[in-house]
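Dear colleague,

Please find below the sequence and the structure that I am handing over to you. My notes on what was found follow directly after them.

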Amino acid sequence: MNWLVLIIAGLFEVAFAFCLSKAKEATGNGVYLWYVGFFICATISFLLLIKAVQTLPIGTAYAVWTGIGAVGTVLLGILVFKDPANFWRVFFIVTLISSIIGLKYVSH
């Protein structure tokens, strides 16, 4: 169950990165709304991470949490913000995903 909590925490990490990017593009009061979204998503992400590490090894949980956030943010950048998607970028994303899956399987 805590693996699911950890995955959701990682998705909220992606959400707070998305909010930061949108705040950069926003004008007027919209900037503040995106920052509020950032703080809400960051708070939820950290609280879920705290919950997950109650039963998961901290090193593994933190690595998986940041990995989900990193992969998700890069994919979001490629799909939503039109960041470049060249061979090496995709190669290293796949490598990172493989490492996250590997950490999950070798953890007790």
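**Overall architecture**

The secondary structure of the protein chain consists of four helices and zero strands; here helices (H or I, at least four residues) and strands (E, at least two) are DSSP runs, numbered from the N terminus. Please note that this is a predicted model, in which local features need pLDDT of at least 70 and side-chain atom pairs count only at pLDDT 80 or more, while totals for chains, interfaces and linings use all residues. Residues are numbered from 1 along each chain as its sequence is written, and side-chain values use heavy atoms, with hydrogens and water left out.

Read from the N terminus, the order of elements is α-α-α-α. Along the principal axes, the C-alpha atoms of the protein chain fill a box of roughly 50 × 35 × 15 Å. The chain has 108 residues, of which 33% count as buried. Buried means under 20% relative accessible area, exposed means over 50%, and partly exposed is in between (1.4 Å probe, protein chains only). The protein chain exposes about 6,800 Å², and carbon and sulfur atoms supply 75% of that area. Such areas come from the Shrake-Rupley method with a 1.4 Å probe; for residues, only the protein chains shown count as cover.

Contacts (heavy atoms within 4.5 Å) also describe the fold. Among those with a separation of 6 or more, 71% are between residues 24 or more positions apart.

Helix α2 has 23 residues and reaches 33 Å from its first C-alpha to its last, close to the 33 Å expected at 1.5 Å a residue. The expected span is 1.5 Å times one less than the number of residues.

Which residues of α2 are buried? They are Val31, Gly37, Phe38, Cys41, Ala42, Ser45, Leu49 and Ala52. What covers them includes α1 (2-25) and α3 (58-79). Ala42, for example, lies in helix α2 and counts as buried because its relative accessible area is 9%. Its C-alpha atom is separated by 15 Å from that of Ala23, 19 residues apart along the chain.

Leaving aside neighbours within four places in sequence, Thr60 is in contact with Trp3, Leu103 and Ser107.

A search of the whole structure finds 11 aromatic pairs. Rings of Phe, Tyr and Trp (its six-membered ring) pair if their centres lie within 6.5 Å; planes under 30 degrees apart count as stacked, over 60 as edge-to-face and the rest as tilted. Phe87 and Trp88 form an edge-to-face pair, 5.0 Å centre to centre with 75° between the planes. Phe87 is exposed at 57% relative accessible area, and Trp88 is exposed at 54%.

The rings of Trp88 and Phe91 have their centres 5.5 Å apart and their planes at 85°, so this pair is edge-to-face. Because Trp88 and Phe91 are three residues apart in helix α4 (residues 87-106), about one helical turn separates them. Phe91 is partly exposed, at 37%. Phe87, Trp88, Phe91 and Phe92 form one aromatic cluster.

Glu25 forms it with Lys22, the closest N and O atoms being 3.6 Å apart. Both residues lie in helix α1, three residues apart, about one turn of the helix. Glu25 is partly exposed, with a relative accessible area of 47%, and Lys22 is partly exposed at 25%.

With kind regards

Notes: A salt bridge is a side-chain nitrogen of Lys or Arg within 4 Å of a carboxyl oxygen of Asp or Glu.
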